[in-house]
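Reader: I'm new to this one. Can we go through its charged pairs?

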Amino acid sequence: MSSTFKETFTIKGEQLLKKVKDLVEEGNVRKITIHDKAGKEVMSFPLTIGVVGAVFAPILAAVGALAALIGDCSIAVEREK
């Protein structure tokens, strides 16, 4: 049975899409949650093995749109150990 751990990154909106893409490429990420600067959850999505390409494109489009609207934000990442 695998265990998970969480880490949080605080970034600017314009860096959001690149950071999410980088996290997805790492491969050990189970879930990504994006919070605004007040701590309110604005987007959350699970990452399962094999989530790439056309399946993931709509999520990246939504993250890109969010990045254009949001200032400072944080990303909570749930990873497998």
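Author: What follows is a short talk about salt bridges in this predicted model.

Reader: How many salt bridges are there?

Author: The count comes to five.

Reader: Which residue does Asp72 pair with?

Author: Asp72 meets Lys12 through their side chains, at 3.0 Å from N to O. Asp72 lies in strand β4 (residues 72–80) and Lys12 in strand β1 (residues 4–12), so the bridge ties together parts that are 60 residues apart in sequence.

Reader: OK, helices. Where do Lys18 and Asp22 lie?

Author: Both are in helix α1 (residues 16–26), four residues apart, or about one turn of the helix. Lys18 is exposed, with a relative accessible area of 55%, whereas Asp22 is partly exposed, at 31%.

Reader: And Glu26, what does that pair with?

Author: Glu26 forms a salt bridge with Arg79, and their closest N and O atoms are 2.4 Å apart. This pair links distant parts of the chain, with Glu26 in helix α1 and Arg79 in strand β4, 53 residues apart.

Reader: Is Arg79 buried or exposed?

Author: Arg79 is buried: its relative accessible area is 6%, and the cut-off for buried is under 20%. Glu26 is partly exposed, at 44%.

Reader: Which residues are linked in a network with Arg79?

Author: Glu7 and Glu26; together with Arg79 they make up a network of salt bridges.

Key. Residues numbered from 1 in each chain as written. Predicted model: local features only at pLDDT ≥ 70, side-chain atom pairs only at ≥ 80, totals over all residues. Heavy atoms only, no water. Salt bridge = Lys/Arg side-chain N within 4 Å of Asp/Glu carboxyl O. Helix = DSSP H or I, 4+ residues; strand = E, 2+ residues; numbered from the N terminus. Buried < 20%, exposed > 50% of the residue type's maximum accessible area, 1.4 Å probe, protein only.
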